[in-house]
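Let's learn to read a protein model together, one feature at a time. Have a look around before the questions start.

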Amino acid sequence: MARTFKALLCGIVALAAGANAAPSCAAPTTTPNPGTARTYEAENAILSGTTVDTAQTGYTGTGYVTGFDQATDKITFKVDSATARLYDLSIRVAAIYGDKRTSVVLNGGASSEVFFAAGTTFTSVAAGQVLLNAGSNTIDIVNNWGWYLIDSITLTPSAPRPAHQINASPVNAAADANAKALYKYLRSIYGKKILSGQQELSYANWIAQQTGKTPALVSVDLMDYSPSRVERGTVGTAVEEAITHHNRGGIVSVLWHWNAPTGLYDTDAHKWWSGFYTDATDFDVAAALSSTTNANYTLLIRDIDAIAVQLKRLQTAGVPVLFRPLHEAEGGWFWWGAKGPEPAKKLYGILYDRLTNYHKINNLIWVWNSILPEWYPGDATVDILSADVYAQGNGPMSTQYNQLIELGKDKKMIAASEVGAAPLPDLLQAYEAHWLWFAVWGDTFINNPDWNSLDNLKKIYTSDYVLTLDEIQGWRSS
Ligand SMILES: *[C@@H]1O[C@H](CO)[C@@H](O)[C@H](O)[C@H]1NC(C)=O
């Protein structure tokens, strides 16, 4: 409480006199403890489209800030730091209208997303880290989903990241030599470099034209091999694309927009080809998994077996695969996540068992793609943790990275499996956000200057910290 009171005074002084007031605020008469937290009350910050309220009890200071209902609504905190350094940021918030997301923008540039779990009281949420410049800085909390109440933010100088303790081998004891070599290589670069990556071979080649460097990793989608699409005439090309990239020395990642096996609405609003979306099908994954004799359970197995054929083609071609099924389950927007964590985890377990033990597909490194602990299928079937992050500003996505460190207890490597904006290497290093790879989504993201300017792409693709295709040649024997 005392700390909050002092910080409150500090905020008022800083606001009244501008950045010049910072020294009197940051340097009390006693020697400052570098580990000391500082709290800034939202009601004392600069409000744009937002208002102070007191109706919800439990706030600190003289109120909290609400009224986030427009895209540009925000709070701007002016914060100062004696030196350039990294701080842990926490946000005291009440998400009384349900799960929400906010955007944290540092010094008007890099943006990161923070998730607020629904709750009836004010609570402190870890919001990742911010790299403050020496002197004055701004931290904006910007609407995003809106409809939350912000009480304060707290900044605590970050401790250096401890050494990673990554498991020595893949979870599948029968992993083939190619999968083992890939895992070993990934482990050797983890924490030291990041692999550049791109969704779709065609966009990887586009990057080569733009920057002179080809991504180390290409991600392809098994979508068009889903039986409910094949029935309607799709012909997948992902396997050929993966082999092409593998043959030029690259690393391959595979996801699967699994079109629901049946129950597609196929209306004008929800076409059959959007059948992986929850709102395009009445396929009920929980009901399908309720018994192994259920007709829809049989269809799930049929679909897994169809995908097994494609993965086996890659295995036969000698291509190890970073396999990321049931992605973004926790979002709920895909049918496999629509009934909550239990069916999603169960389906993941069935996939793992069917592909590994029944089909003997041993070229896979298993990549899980939800952050929340209640969605995690467990250490025994996951090699790599990952997150899909769509935030502009080319930031380091340290919030999600740190959440995944916690989820995997730093024994699993962590990947930015889909991003809207490629991360800038100087920020990745400053934040010690040791993503193993990043893969930018294709159309409207990689080729969109609002998300990735050509200047930034060139900066990223020519950085020493970022591994490109030419720099990973020979990874199989390293
Ligand atoms: C299988 O799923 C479809 C589509 O949701 C549904 O119409 C059908 O009743 C389900 N079948 C069984 C046996 O539950």
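This is a predicted model: local features need pLDDT of at least 70, side-chain atom pairs count only at pLDDT 80 or more; totals for chains, interfaces and linings use all residues.

Q: Is Ser 226 buried or exposed?
A: Buried means under 20% relative accessible area, exposed over 50%, and partly exposed in between (1.4 Å probe, protein chains only). Ser 226 has a relative accessible area of 0%, so it counts as buried. Compare Gln 70, which is partly exposed at 47%.

Q: Where is Ser 226 placed?
A: Helices (H or I, at least four residues) and strands (E, at least two) are DSSP runs, numbered from the N terminus. Ser 226 sits in the loop between β14 (217–221) and α5 (227–230).

Q: What does the side chain of Ser 226 reach?
A: A polar contact is a pair of N or O atoms within 3.5 Å; within protein, one must be able to donate a hydrogen and the other to accept it, and residues adjacent in sequence count only if both atoms are side-chain atoms. The Ser 226 side chain reaches the backbone nitrogen of Asn 259 at 3.2 Å, and a polar contact of 3.0 Å links it to the side chain of Trp 256.

Q: Which residues of helix α13 are buried?
A: In α13 (residues 454–461) they are Asn 456, Leu 457, Ile 460 and Tyr 461. They cover an arc of only 125 degrees around the axis (taken from the directions from the helix axis to the C-beta atoms), so they lie on the same side of α13. The general idea: an α-helix has 3.6 residues a turn, so residues three or four places apart point the same way.

Q: Which residues are around the ligand?
A: A residue counts as near a molecule if one of its heavy atoms lies within 4 Å of it. Around the ligand are Thr 262, Gly 263, Asp 282, Phe 283, Asn 294 and Asn 296. A polar side-chain atom of Asn 296 lies 2.3 Å from a ligand oxygen atom, while a side-chain N or O atom of Asp 282 is 2.7 Å from an oxygen atom of the ligand.

How values were computed:
Residues are numbered from 1 along each chain as its sequence is written. Side-chain values use heavy atoms; hydrogens and water are left out.
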